[in-house]
Number of protein chains: 2
Amino acid sequence: MEEVARVAGVSPATVSRALKSPETVSEKLRLRVQEAATRLGYAPNRIAGSLAGARTPLIGVVVPSLTNSFFAATLDRMSALLDAKGYQLMIGQHDYDSDREERIVTAFSSWNPSALVVTGRDHTRGTVSILSATACPVIEMWDHDERPIDSGIGFSNRAAGRLAGQHFASQGFEHVAYVGALLEQDTRARARAGGFAAEFLAATGRQAQILDVSSRDLGEGCKALARVLATQPETRAIAFSGDMLAAGAMFAAERAGLRIPQDLAILGYGDLDIAAHMNPALSTIRPPRNEIGEAVADHILARLADPSAPKQNLDLGVELIRRATT
Amino acid sequence: MEEVARVAGVSPATVSRALKSPETVSEKLRLRVQEAATRLGYAPNRIAGSLAGARTPLIGVVVPSLTNSFFAATLDRMSALLDAKGYQLMIGQHDYDSDREERIVTAFSSWNPSALVVTGRDHTRGTVSILSATACPVIEMWDHDERPIDSGIGFSNRAAGRLAGQHFASQGFEHVAYVGALLEQDTRARARAGGFAAEFLAATGRQAQILDVSSRDLGEGCKALARVLATQPETRAIAFSGDMLAAGAMFAAERAGLRIPQDLAILGYGDLDIAAHMNPALSTIRPPRNEIGEAVADHILARLADPSAPKQNLDLGVELIRRATT
DNA sequence: GTTCATTTTGAAAGCGCTTTCACGAATCGC
DNA sequence: GCGATTCGTGAAAGCGCTTTCAAAATGAAC
């Protein structure tokens with residue numbers, strides 16, 4: 001920077017101003033500085049800048065998994081929107097391990113990020129206390145609940161489950177099942193299953209069969225169908241906690257000679273690409289994956305532009321996309 | 001830090017050493033310092049640390065897209081391996097736009113990252129010159145080619161295409177097609193298509209039909225089948241540049257009453273979850289998506305541990321996973 | 001041509017660490 | 001037991017910016 005200052009014939013302070021807040025510098029000098037900077041190929045050292053300034057243009061976001069296409073979609077939107085404003089995403093993944101989450105949040109917060117985004121509402125005490133103590137905006141995304149630490153943007157998985165239960169009840173089904181990978185620390189899938197069963201019970205007075213499978217992928221869906229039918233042969237409608245499972249069940253049903261939706265109604269969750277293109281097209285519940293990313297980015301930008309901007313706790317809701325399987 | 005020093009009754013310098021390089025400090029003091037630090041809830045400011053030190057524990061990685069499950073898988077592995085060693089991933093996505101790539105690389109390099117990872121071998125002049133000038137290890141991943149800027153870890157898409165062409169040729173097919181989304185800036189898909197056609201021509205003396213579709217998803221695959229058969233009804237084998245397209249074509253084939261693989265052989269690319277669980281199970285070519293992540297992380301760690309460690313240019317190859325569709 | 005208000009600019013003080021350097025203490029060899 | 005090494009520690013000098021503060025320059029008003 002000193003060199004640029006010398007070449008432009010100004011002081012380092014002016015170089016800093018010309019580059020960071022051009023409006024505070026006279027037109028003439030700004031041009032001289034900018035030209036000198038480009039001629040010398042000067043790139044400001046952001047670390048030094050951040051140390052001197054109050055905050056880094058980094059936004060820490062921690063997600064359970066990068067391969068989960070829901071979070072990937074959210075990150076994608078956030079990245080696009082925030083990148084454009086000069087913010088960089090620092091991404092951490094904890095594989096559904098709260099202690100790793102705490103370590104990541106600790107590490108991130110020591111960067112003085114402009115904002116911190118975490119997934120879900122379940123955190124260790126330590127995570128919560130770090131997040132509460134942080135000066136920057138903190139957003140808990142994906143799950144909706146009362147009283148976020150700072151701001152919350154997401155939807156209720158329980159409501160998503162209820163929507164499915166209510167849909168089946170309103171169609172007059174008496175024997176239904178819910179299949180999901182519930183055992184892992186995936187509280188989201190459990191909330192959906194719970195919402196489904198509760199709503200179906202409330203609406204029909206009947207118990208739904210809940211089946212816990214070991215993974216979210218197609219193969220498990222295939223096996224699940226047989227298990228559901230073995231336990232309860234009268235089952236006429238099955239909701240899944242994921243489209244892949246649902247698709248797997250559809251393949252298995254086809255092999256078993258079951259017609260969908262006449263013999264068996266199927267409802268997925270996620271609205272993955274595959275859902276719209278199954279044959280018949282899979283009805284599913286769509287979480288607002290892109291919307292969350294956009295809302296989070298917007299909120300961060302708003303808070304950063306005006307530190308007194310209000311916190312928020314947004315429920316973006318889910319949508320039942322009815323296609324051909326129910 | 002000063003406070004911790006006072007509480008522990010030592011100098012700030014000792015605190016720094018006790019926390020960063022415990023082996024250079026006497027057992028007794030180290031314990032005192034550590035206790036004081038935890039008692040005060042002291043978290044070192046990494047920005048200051050990075051400014052004083054030479055390098056940030058940040059690794060910049062730029063990918064075309066976060067929603068692409070190949071890159072997501074690679075990032076996932078990198079993140080897991082590098083996180084464990086205290087490095088943070090800074091992720092940028094450019095949506096296949098070289099100029100955005102250059103901007104991201106510029107921004108990243110002004111952080112003095114410990115390493116820079118970019119996707120592919122096609123960069124603007126500016127990107128190349130920044131990358132060449134950077135002091136840290138630079139890895140170009142996913143594509144294999146001669147002479148990387150620094151190190152390269154990937155595989156040859158052309159070879160992946162050739163493998164498909166050779167497979168069809170060796171099965172005695174005479175009329176084959178390759179379907180892919182070739183128009184976009186996706187040079188990878190084009191390389192595969194080129195490799196396929198070249199190899200098939202070399203092996204059989206026959207021309208393969210190349211069909212360019214507008215997107216990579218299931219729906220396009222459905223439509224593509226009809227178009228291929230309309231142009232060239234004798235086609236008996238189709239290779240796709242993505243599993244989703246292939247799956248779409250399988251759905252369409254099923255509706256059209258075609259038996260797979262008897263009437264039509266199908267070969268995918270990607271080995272997505274869906275491939276193994278189609279009915280019949282989809283044969284496909286599997287790119288080393290996780291392996292790339294691991295190799296990149298390993299290489300970065302090696303270079304960082306020993307700055308004189310050799311650069312490398314690795315071709316991880318692809319694998320033909322033969323299942324039931326060919 | 002002054003004076004006063006306003007804008008521009010430069011000097012300098014950090015931001016919170018790491019690391020070199022030098023010094024006193026502990027350890028060693030003979 | 002004495003000098004020669006090591007080892008452990010603290011003082012202090014930055015790392016490369018931003019930002020306050022005050023001085024200089026400009027312009028408006030009389």
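Modeller: The answers below set values computed from a predicted model against the definitions of the terms.

Colleague: What makes chain A and chain B partners in contact?

Modeller: Contact requires heavy atoms within 4.5 Å. By that rule, 42 residues of chain A are in contact with 43 residues of chain B.

Colleague: Why is an area given for this interface, and what is the value?

Modeller: The size of an interface is often given as the accessible area lost when the parts come together. For chain A and chain B the buried area is about 4,100 Å², and carbon and sulfur atoms give 64% of that area. On the side of chain A, the residues that lose the most area to chain B are A:Ile47, A:Trp111 and A:His277, together 17% of what that side buries.

Colleague: How many salt bridges and how many polar contacts does the rule find across the interface?

Modeller: A polar contact needs N or O atoms within 3.5 Å, and ten residue pairs across the interface qualify, both residues having pLDDT 80 or more.

Colleague: Which element supplies the largest share of the side of chain A that touches chain B?

Modeller: That element is α5(A), with seven residues. Among the elements that each supply at least two residues are also α4, α6 and α10 of chain A. By class, this side has 22 nonpolar, 13 polar and seven charged residues.

Colleague: How do you know that β2(A) pairs with strand β2 of chain B?

Modeller: Two strands pair if there are at least two bridges between them. One of the residues involved is A:Met90, whose bridge partner in β2(B) is B:Met90.

Colleague: What makes a residue near DNA strand C, and how many are there?

Modeller: One of its heavy atoms must lie within 4 Å of the strand. For DNA strand C, 22 residues pass, and the closest are A:Thr14, A:Arg17, A:Ser26, A:Leu29 and B:Ser16. Of the atoms of DNA strand C that come within 4 Å of the protein, sugar and phosphate account for 64%. The largest share of this surface, four residues, comes from α2(B).

Colleague: Which residues come nearest to DNA strand D?

Modeller: Of the 22 residues around DNA strand D, the nearest are A:Ser16, B:Thr14, B:Arg17, B:Ser26 and B:Leu29. Within the 3.5 Å limit, a phosphate oxygen of DNA strand D is 3.1 Å from a side-chain N or O atom of A:Tyr42. A base oxygen of DNA strand D is 3.2 Å from a polar backbone atom of B:Ala52. The element that gives the most to this surface is α2(A), with four residues.

Definitions and conventions. Residues are numbered from 1 along each chain as its sequence is written. Chains are lettered from A and ligands numbered from 1 in the order in which they are written. This is a predicted model: local features need pLDDT of at least 70, side-chain atom pairs count only at pLDDT 80 or more; totals for chains, interfaces and linings use all residues. Side-chain values use heavy atoms; hydrogens and water are left out. Buried area is the accessible area (1.4 Å probe) that two parts lose on being put together, summed over both. A polar contact is a pair of N or O atoms within 3.5 Å; within protein, one must be able to donate a hydrogen and the other to accept it, and residues adjacent in sequence count only if both atoms are side-chain atoms. Ala, Val, Leu, Ile, Met, Phe, Trp, Tyr, Cys and Pro count as nonpolar, Asp, Glu, Lys and Arg as charged, and the others, Gly among them, as polar.
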